[in-house]
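I open this notebook to record what I looked up in one structure.

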Amino acid sequence: MILNVSHSCTDFQSYRAQRVKSLFNAESGASWSHEANIDVEDMDWGIGLIVGTSGSGKTSLGRQFFGTDRIIDLYAGWDTSKPIVDCILPEGDFNQATGALASVGLGDVPSWLRPFNALSNGQQFRAGLARLVTEAPDEVVVDEFTSVIDRQIAKVGAMAFAKNWRRNAGKKVVLLSCHYDIIEWLQPDWVYDVNTKVLKKKAISGSGQKSSLTFGRSTEVTGSCLKSIII
C-alpha cells in the first residue's frame, strides 16, 4: 500500500519570512510531501500503529489508509446530559457496557455515573476506548492515541485496549500516536515510523502462523525478531 501525502500553502515573502529563510537556510515552507509504503496487504492483522513526531504527517496518512477518511475522535459525540454508563451501548446489554468500562481500566464505579465532561483526562480516554471496543467498526483510525494523558495510564490503557480489541475478530484499527513508549504495551501487528519510513511487522513462522515474539523496549521500533522494510 503506497500512500502519498502532499500539502502546500502560499510561499510568503514578508520581511520576517525572508529573514527566516536567510538565517536558517530554508528555501520555503510552502510545500511538504511524504510517501509511505505500508505493505500489510499480505497480513492477517487487527491492530496497526503509525508513530512519528508532531507534524510528521500521521493524520494525513491515517485519513488515506482505508481509502476514505475513517478517523474517529474518542472524545467526541458524548451526550453530556447522561452518565457515561448510559452512553456505552445505549440500546445494548447492561453487563456488556459495564464490562467494557472495567476491562479498559475504568474500574472507578462512581465515575460511570458521571457525564463525560465531568471525568478526568485519563477517565475520558478509557471511556472512549470502552465505547470503541463495544461499537467495533470494521475499519477505524484513532488519531492522537494516548497523546493527552499520563504516560503510565497510556501504557496500561494501550495494553487493555489491545486485549479487548483482539476479541473483535476481523476488525481493523490503525492508531496514530507521537509516543513510542506504548509500543511494547500495545503489541500491534505492525508499526510504521513516519520519521524513519521504517515498517516493522510481527514475524510469521514457516507454518504461516504469527509468532509469539514481541516488540521489546530496547529500541523504538527495532528488534531482530521483526521483519523490517526500509523505504
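**Entry 1. Aromatic pairs**

I counted 10 aromatic pairs, taking rings of Phe, Tyr and Trp (its six-membered ring) as paired if their centres lie within 6.5 Å, with planes under 30 degrees apart called stacked, over 60 edge-to-face and the rest tilted. I then looked up Phe 65 and Trp 190: their ring centres are 5.6 Å apart and their planes stand at 15 degrees, so this pair is stacked. Phe 65 lies in the loop between helix H2 (58-64) and strand S4 (71-72), and Trp 190 in strand S7 (residues 190-193), so the pair ties together parts 125 residues apart in sequence. I checked the exposure of both residues, where buried means under 20% relative accessible area, exposed over 50% and partly exposed in between (1.4 Å probe, protein chains only). Phe 65 is buried at a relative accessible area of 4%, and Trp 190 is buried at 0%. I also noted one aromatic cluster, formed by Trp 45, Phe 65, Phe 66 and Trp 190.

**Entry 2. Basis of the values**

I am working from a predicted model, in which local features need pLDDT of at least 70 and side-chain atom pairs count only at pLDDT 80 or more, while totals for chains, interfaces and linings use all residues. Residues are numbered from 1 along each chain as its sequence is written, and side-chain values use heavy atoms, with hydrogens and water left out.

I read pLDDT as the predictor's confidence in each residue, from 0 to 100. Its mean over the chain is 85, and 88% of the residues reach 70 or more. I found pLDDT under 50 throughout residues 205-209, where the model has 1 contact beyond four places in sequence; contact means heavy atoms within 4.5 Å. pLDDT also stays under 50 over residues 222-231, but for these the model has 25 contacts beyond four places in sequence.

**Entry 3. The chain as a whole**

I recorded 6 helices and 9 strands; helices (H or I, at least four residues) and strands (E, at least two) are DSSP runs, numbered from the N terminus. Of the 231 residues of the chain, 43% count as buried. Among contacts between residues at least 6 apart in sequence, 73% join residues at least 24 apart.

**Entry 4. Nonpolar cores**

I defined a nonpolar core as a set of buried Ala, Val, Leu, Ile, Met, Phe, Trp, Tyr and Cys residues joined through side-chain atoms within 4.5 Å. The largest core holds 41 residues, of which Ile 84, Phe 145, Phe 161, Trp 165 and Leu 175 touch the most other members. At least two residues of this core come from each of strand S3 (47-51), helix H3 (94-103), H4, strand S5 (139-142), helix H5 (151-165), strand S6 (172-177) and helix H6 (183-186). H4 gives the most, with 6 residues. Another core lies apart from the largest one and has 18 residues, among them Ile 38, Val 174, Tyr 192 and Leu 199.

I followed the contacts of Ile 84, leaving aside neighbours within four places in sequence; its partners include Trp 78, Leu 101, Trp 112, Phe 116 and Ala 127.

How many of the 15 residues of H4 are buried? I found 13, so H4 is largely enclosed by the rest of the structure. Helix H4 (residues 121-135) reaches 21 Å from its first C-alpha to its last, close to the expected 21 Å, the expected span being 1.5 Å times one less than the number of residues. Just after H4, Ala 136 takes a positive phi of about 45 degrees.

The end C-alpha atoms of H5 are 20 Å apart, which agrees with the 21 Å that its 15 residues should span. The buried residues of H5 include Gly 157, Phe 161, Asn 164 and Trp 165. I traced the packing of the buried residues of H5 to S3, H3, H4, S5, S6 and H6.

**Entry 5. Loop residues**

Asn 25 is in the loop between helix H1 (15-24) and strand S2 (31-37), and is exposed, with a relative accessible area of 70%. Thr 146 is in the loop between S5 and H5, and counts as buried at 1% relative accessibility.

Lastly, I examined Cys 178, which is in the loop between S6 and H6 and is partly exposed at 29% relative accessible area. Cys 178 and Thr 53 are 125 residues apart in sequence, yet 5.1 Å apart in space, C-alpha to C-alpha. Not counting residues up to four places away in sequence, Cys 178 touches Gly 52, Ser 54, Lys 58 and Ser 147.
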